[in-house]
Amino acid sequence: MISRQLVITLIVLLIAALAMGFYAGRMRAHIVSSAEQAQGTPAPVAPPAAGPTETVTLYVAYDDSGSVHPRAAQIPLSGGRQQRAEGMLRALLAIYLERPSPHVLPPGSDVRGVYIVGATAQTPTLAVVDLNEALADGHRSGVLIEELTVASIVQTLTANLDGIQEVKILVEGKERDTLAGHADLSNMFDAGAVSRMMATAEGLPVAGSQSRDF
Amino acid sequence: MPWSSSLPRLTEIGARTRSVLYLASCAALLWLGFVAGSRAASDGLGEKLSIYSKAANYSLPIEQRNGQDYVGLLELLDPLGTVSATADHSHWRLHFYQEELEFNDKKSKVKMHGGDLTLPADFLLENGRGLVPVSSLSMMLPRILGGPVEFHQAARRLFIGDVQVHFTAAVNSATPPSLVMNFSSPVNPTITTEPGKTRIVFAREGVVAPASPLTFSSTVIRSASFTENNGAAELAVNTASALTTSVSADRKTIILTPVPQVAQVAPPPPPPAPVYGARRYFAVVDASHGGSERGAALNDDLAEKDITLIYARRIRQELEARGISTLLVRDGDMTLTLDQRANAANLAHPAIYIAVHAASQGIGVRVYTALLPAGNASVGPFVNWNVAQSGYEQMSRDAASQITAQFQAKQVPVKMMTAALRPLNNIRAAAIAVEVAPQGDDVSGLTSVTYQQLVAYLVAAGVAADRTKLEASK
């Protein structure tokens, strides 16, 4: 003879199981629907940095003359130093992605991030620039053409952010020997030396040592 | 024997066996290392074919296939004139000026104007590269070049045209008597001394054996012997005492004179030491990229690695014409890491290292010195590999300035700057890189022999102009 209490317990458990099953089914349908929506529509594009615009000096590479020249630009900059650095470099790459371009970079070139490591008594301030694969893999190969890309990135950072002494360039978060077979990325760049590199080539003022607009 | 008492013995035997096995493994590893080292050493030395011609003196690596010596035909003809080759499956077609030759992989028959040719061994096509047996050169080259070719096959020395350097050797009647050698063309040999013998090695010049025997009536300088081997000629002078060497300004006369004997009371003379020519290479020229690393694709057909090799060879030729001994880091299509290139250069202890690059962008020539990386200070006596160039930067800039000035004087567009370009920062000598771009918009201008010769001439002239400073640095 089955006791009455056992019957009630079984019925309650059965109802609970049915309710759980119904809830799980609804949840699954919701997840599938979300995934389908995600596949069917493009990923949301990060909105441009909001806030007031600011005048910065971008160091733009010119293939024709084989040199890097400062160019004033008004761009919206907000947030901390890292976000500002990313904004400046994206503005620089945008110039290269225009057509015609003074220094052609492959489509899809982008900066994945810039990380600034603070200075201590023992270590100088280091900016780590993480470029995307599209930029490095599609970059034209040649000593001068690669050095121009590196110099314009390093000089743009050092000219607009005080205290950057060294710059390290990564690609997709990883170390890479060269940009496209020539410019050495395995070491850190001395910001001052890079500024002098292009200045001595062209007799230009060293980046960071002047403030006038061009 | 009870089991309990045999157990320690078994354990002891096991330990002994393990020790023996361990020692045997160590010995095997050492033996393997020795064999690998010997192999690497012999590979490094390498067998080579030396070619002497009016256009250039150069050497090519010999490659062994099926027990036969082979050489790349395109590389052989390249310094001699306008040559090109196309490969289509097993078919290889070569153009040298108006001459056209057709080869087939693993076939000995060659189609060419004026009648087919049968090689003594099969032609081989490897990755688009045509290899011919070395033994076929004496029959094939006169047909291609349309002129006389003399091949010293055992010594692997190939003379194209009337380019042999003849010499006479005689002991004069001076006191002390000297051995005077007169050469028909300037020579720049390596001369070393050892007790009882002075060796004069001609690695680049087509010096051939004299007509008369090399025996002398002097008691101090008794005789000499001339030998040829592996693309070089050697003159060994047998002497009773150490000799000093002097070379005339036109480099056509070498005089060996006995060192004057000193009194017994005087301090003992230093041991015989290398005299003139025992120095290492003065310049190292490095054709960038190579092998599987093609460098920039200059156009659909032109890889940077091939162009850099052509320019490097021409620069070597121009440097050697100025009496500057030059080593090519690679003299064929081989893959080398940047560390290997730096090691090869540093081991040669040159006065200057010149890396050669080519580009399709821009016009003219760019001359680079090293942009040293940050955060790599040397510690104590240990030189940081990444900034090994520290201390040589001014010498590098001076050399780059001299080369730049040569291009400016000839109104060839030139730019001088620093670059983060390995292995410049790893070199313990003056180090520069020369990036050659075409003179105009057409990248095929890089293949112009006239332009190649002009660039090589101006680079060599710049090095020669800085020679005194560079020599002082050595």
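Me: In which sense do β19(B) and strand β20 of chain B pair, and over how many bridges?

Reply: Strands are DSSP runs of E with at least two residues, numbered from the N terminus, and two strands pair if DSSP finds at least two bridges between them. Here, in a predicted model, β19(B) and β20 (residues 253-258) of chain B pair in the antiparallel sense over 5 bridges. One of the bridge partners in β20(B) is I255(B), which faces S246(B).

Me: What is the strand order of the open sheet in chain B?

Reply: The open sheet has 4 strands in the order β13-β14-β20-β19 (chain B), and the pairing is antiparallel. Because β13 (167-171) and β19 (243-247) of chain B each have a single partner strand, they stand at the edges, and one side of each is left without a neighbour in the sheet. On average, neighbouring strands of this sheet are turned by 15° against each other, direction ignored; the axes behind this angle are lines fitted to C-alpha atoms.

Me: How many helices and strands does chain A have?

Reply: Helices are DSSP runs of H or I with at least four residues. Chain A has 5 helices and 6 strands, which run α-β-β-α-β-β-α-α-β-β-α from the N terminus on.

Me: What share of chain A is buried?

Reply: Buried means under 20% relative accessible area, with a 1.4 Å probe and protein chains only. Of the 214 residues of chain A, 43% are buried.

Me: Which conventions apply?

Reply: Residues are numbered from 1 along each chain as its sequence is written, and chains are lettered from A in the order in which they are written. In this predicted model, local features need pLDDT of at least 70, and side-chain atom pairs count only at pLDDT 80 or more.

Technical notes:
Side-chain values use heavy atoms; hydrogens and water are left out. Buried means under 20% relative accessible area, exposed over 50%, partly exposed in between (1.4 Å probe, protein chains only). Axes are lines fitted to C-alpha atoms, for helices over the stretch in contact, and angles run from 0 to 180 degrees between N-to-C directions.
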